[in-house]
Amino acid sequence: MMRDKNISKSKVVLEIKDLYKSFGDNHVLNGFNMLLHQGENLVIMGKSGSGKSVMIKCLVGLMEADSGLISVMQNDITKLTQEALDILRADIGFLFQGSALYDSMTVRENLEFPLRRHTKKFGKDLDTEKLVIGALDNVGLANAIDLMPSELSGGMKRRVALARTLILQPKIILYDEPTSGLDPITAKEIIILMQDVQNKYGTSSLIITHDVDCARVISDRMILLIDGIDYAIGTFDELSTHQDPKIKAFFKQ
Ligand SMILES: Nc1ncnc2c1ncn2[C@@H]1O[C@H](COP(=O)(O)OP(=O)(O)OP(=O)(O)O)[C@@H](O)[C@H]1O
Ligand SMILES: [Mg+2]
């Protein structure tokens, strides 16, 4: 079942309860629920436009939900002060849909940027150079440190974006479509990197993907976001052999 990690017994690091979000008449989330346990790889799948990015934006506070509970490490985020929220945020890494590197900055500067924003977590005397090189080494790109994003391939950009997320040593990583737009081999390399990170740091991960192979390899548990709710929850094996036509549609390729 859950890859012998006994995850269901470990503590909950993220929780969404009864989340609603509409844009005018467009009712995107209609009571969505989600639990992420410590050390777990939770995959969320849903059709394009089903509200996956909206959900993740509500989770990190980039968008305000209409109603519902969101808690991070057992803290209700609506009840936190800005300062407490900033401290919590430093423990959450977010790999945006697309790689979203700063095009006018070198790879090194792209990685230094988040460090400067989170001096509270790391103190002011941190060894930036060592952290940047270490993070790039983790993704096999130490030699790309002085390149500009325009000089990188799509797969390399994704790796740099991952390094930029990892440099903050997050306890939780949110991945929005980590393998989209990559060829199957590069996609597989990114998945392996994600697994390495998980094994090395015991990170908890929420992974939004359309990629069935990615879901098969990486998920401990999956949630299918359909009609604005957590329509189906289970392991890859449970969901991919399900008879419900709405669920089956995800696994036909
Ligand atoms: N800022 C916004 N203003 C108005 N509508 C929005 C906004 N952001 C998202 N939406 C709408 O919310 C719905 C869900 O969008 P969302 O980006 O979450 O989809 P998604 O599941 O991430 O899709 P994809 O797989 O294509 O990334 C869409 O109908 C979209 O048009
Ligand atoms: Mg999206």
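A pocket here is an open set of grid points where a 1.4 Å probe fits, with protein on both sides within 12 Å along at least five of seven lines. Keep in mind that this is a predicted model.

Q: How much space lies in the second largest pocket?
A: Volume here is the space filled by probe spheres set on the grid points. Counted that way, the second largest pocket comes to about 260 Å³.

Q: Which residues are the closest to the centre of the second largest pocket?
A: The lining of this pocket is made up of 15 residues. Sorted by class, they are eight nonpolar, four polar and three charged. Closest to the centre are M63, E64, A65, I77 and T78.

Q: Which element gives the most to the lining of the second largest pocket?
A: Two elements each supply at least two residues here: helix 2 and strand 4 (67-72). The top contributor, with four residues, is strand 4.

Q: What is the volume of the largest pocket?
A: Its lining takes in 31 residues, with R89, I92, R117, H118 and L168 nearest the centre. As for the volume, the largest pocket has about 800 Å³.

Q: Which element gives the most to the lining of the largest pocket?
A: Several elements give two or more residues, among them helix 1 (52-60), helix 2 (82-89), strand 6 (92-95) and helix 3 (107-117). With five residues, the one that gives the most is helix 2.

Definitions and conventions
Residues numbered from 1 in each chain as written. Chains lettered and ligands numbered in written order. Predicted model: local features only at pLDDT ≥ 70, side-chain atom pairs only at ≥ 80, totals over all residues. Heavy atoms only, no water. 1 Å grid on protein atoms, 1.4 Å probe; cavity = no way out; pocket = protein on both sides within 12 Å on 5 of 7 lines; lining within 4 Å. Nonpolar A, V, L, I, M, F, W, Y, C, P; charged D, E, K, R; others polar.
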